[in-house]
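Open the model in your viewer and keep the selection panel at hand. The tour goes stop by stop.

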Amino acid sequence: MGLRRSPWLTGISALVYLFLYAPIIVLIAFAFNASRTNVVFTQVVNQGPCGPFYWFCVLSRNQDVLNATRNTLTIAVVSTVISTIIGTMAALALQRYAFPAKTFSEVSLYIPIVIPEIVMGIGVLVLFSATFNVLNRALGLVGDHRLTLGLGTVIVSHIAFSIPFVALVVRARLHGFDRSIEEAAMDLGANEWITFWRVTLPSIAPGVLAGSMLAFTLSLDDFVITFFATGPGATTLPIYIFGLLRNAVTPEINALSAVWIITVLLVLLLSQRLQNSETA
Amino acid sequence: MSSLQRVRHRENQRGLALISPTLLWMIGLLIIPLILVLITSFGRRDPDGNVIYAFDLSNYIRLTGLSTSQPCGATPAPCFDSLYVTIMWRSLVLAFQTTLLVIVVGYPLAYFVARAPARRRNLLLFLILVPLWTNFVIRVYAWIMILRTQGVLNGLIGAILGLVHIPFTPLSMLYTPGAVLVGMVYEFLPFMILPMFTSLEKIDNSLFEAAADLGANNLRTFLRVTLPLSAPGVVAGTILVFIPVMGTFIVSDILGGSQVILVGNLIQRQFLDARDWAFGSAASIVLMVLTLIVTVIYARRFGFGDEIAF
């Protein structure tokens, strides 16, 4: 108990918060730097019609960034939709039915948690290149028609690591689900399909939504697996930034980071709002 | 068929139908790739960088440093090249250091948030989550800005020392093992705080009151009540931190430069620069086995941690 009011604890906690936020503040501040080399903060940039937001304007005209943004969002949306459906099905199966290979299924869902991401990354790289080699040869595909790594392979890989997380979250929600309301619906003449859509799904919806949010953010954030599963024309934002870091560090990257951080913050606040209004 | 059997049969079919897409993905994109990596690790590289499939242990022997094919200068065979063993050892040590530091730094904050008044708790927790959702690569980038020679930290120290007229030569902090450690701690701190918070929050206040009633002082209460009851969170956090740190290559690549090569960097280079997939696969298998061994020993000793699903 006593520790709770200790000024020491408050002080240390404040320092840890500072540690968590100082890098982010520095990052955003340097997006307004006048110096192109971006080593020392010279003064607030004030150039062109955009004034202090000069680097954000430069960014908005950068075709590579726009392409990478489009790729990142396409991958995240498609993989989220598919992994949410599959993960919810898995949660229902594991929570409600006994079937052969149940234990095996449960164990397999833990693989992505206990195996380093890089091993999964090279795993999908080896898988896709071996499969594509065989298929290209068998089907006689040449030139641009050859199957290669790209958006498709990234999406399929993202679905793989998202399913376990969706299943985990939805299953937690199903755990506290009172099945008597389903029985009531059936007693009142609803068939199983209608019962699922009108009774079960609405009441597990917050879990499904939370699971899909998790899948979406995991996909947006992913670097390692994308790094190995991606190919020409399928660069995502994290991959793009990583490529830049090895060469030059310009305020443009800071502007990109600032936009990213602020977008994520807004999405988080919005989802928090939604959740609060739901529980209220 | 009895009606019971029929029900069971229908259950089986439903369950299998619902789980089958998951199994397709888990087998197709996790299990088969792992088997392919294992097969590749016994292969060889041809001059064009393609894999020749064989059953050959040379990649693993090369990792142990007991090279049979490569010349070792003037020393007669067998000779020992410690390069890869050093890399493995460095990765293990760094993963242990990171985990330990993250516990030490994270515990007070987790405690502070868990014991904060309920109305403020959500906000405080939310503030820990925000950095987690700003992209991993972006977070490493921020540390370049802070740690480099003309960076923010040196500027800050210089400015403070300048006030008291002490001359200051900027420290070179970037591209050192220390920079990598700081980056790792920063990246993985929230993964430790969240499960620790979950455990700490569950502790019933009446336990603290009971301890106080029975005459225990703060330290004793902490050691005998708080610490044991928060152990599952620490265990879960350790698993969530240790495994990814063992395999990460971004932090060391960006903050360590060529100074700090970890297993992750070794694997990445074999796959992208050196194009020796067979050797890279062998290194991955060793990484996976090493991680699993440590995790299993740890889980045997402390349990798997109930807070893994935060």
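This is a predicted model: local features need pLDDT of at least 70, side-chain atom pairs count only at pLDDT 80 or more; totals for chains, interfaces and linings use all residues.

Colour chain A by secondary structure. From the N terminus on, the order reads α-α-α-α-α-α-α-α-α-α-α. The radius of gyration of chain A is 24 Å, well over the 19 Å that the globule rule gives for 280 residues, so chain A is more spread out than a compact globule.

Now switch to the C-alpha trace of chain A. Along its principal axes the trace spans about 75 × 70 × 35 Å. Then colour by burial. Of the 280 residues of chain A, 38% count as buried.

**Stop: a helix pair**

Two packed helices are described by the angle between their axes and the distance between the axes. Select residues 63-96 of chain A, which form helix 3, and residues 151-175 of chain A, which form helix 6. Their axes come within 6 Å and cross at roughly 40 degrees. An angle of 65 to 115 degrees would count as roughly perpendicular, and one under 35 degrees as roughly parallel. Helix 3 of chain A and helix 6 of chain A are therefore oblique to each other. The crossing of helix 3 of chain A with helix 6 of chain A is right-handed. Show the side chains at this contact. The residues there divide into 17 nonpolar, eleven polar and one charged.

**Stop: one valine**

Select Val119(A). This residue is found in helix 5 of chain A, residues 117-139. Is Val119(A) buried or exposed? Val119(A) has 24 C-beta neighbours inside 10 Å, and the cut-off for buried is 20 or more. Val119(A) therefore counts as buried.

Val119(A) and Val224(A) lie 105 residues apart in sequence, yet 9.5 Å apart in space, C-alpha to C-alpha. Next, look across to chain B. Leaving aside neighbours within four places in sequence, Val119(A) is in contact with Gly247(B), Ser284(B), Leu287(B) and Met288(B).

**Stop: the interface**

Select the whole contact between the chains. Chain A gives 69 residues and chain B gives 73 residues. Which helix brings the largest share of the chain B side? Helix 1 of chain B, residues 3-41, does, with 21 residues. Finally, colour the chain B side by residue class. This side divides into 53 nonpolar, 16 polar and four charged residues.

How values were computed
Residues are numbered from 1 along each chain as its sequence is written. Chains are lettered from A and ligands numbered from 1 in the order in which they are written. Two residues are in contact if their C-beta atoms, placed from the backbone, lie within 7 Å. Helices (H or I, at least four residues) and strands (E, at least two) are DSSP runs, numbered from the N terminus. Ala, Val, Leu, Ile, Met, Phe, Trp, Tyr, Cys and Pro count as nonpolar, Asp, Glu, Lys and Arg as charged, and the others, Gly among them, as polar. The radius of gyration is taken over C-alpha atoms; the globule rule is 2.2 Å times the number of residues to the power 0.38. A residue is buried if 20 or more other C-beta atoms lie within 10 Å of its own, exposed if 12 or fewer, and partly exposed in between; C-beta atoms are placed from the backbone. Axes are lines fitted to C-alpha atoms, for helices over the stretch in contact, and angles run from 0 to 180 degrees between N-to-C directions. Angles under 35 degrees count as roughly parallel, over 145 as roughly antiparallel, 65 to 115 as roughly perpendicular and the rest as oblique. A crossing is left-handed if the near helix is turned anticlockwise from the far one by less than a right angle, and right-handed if clockwise.
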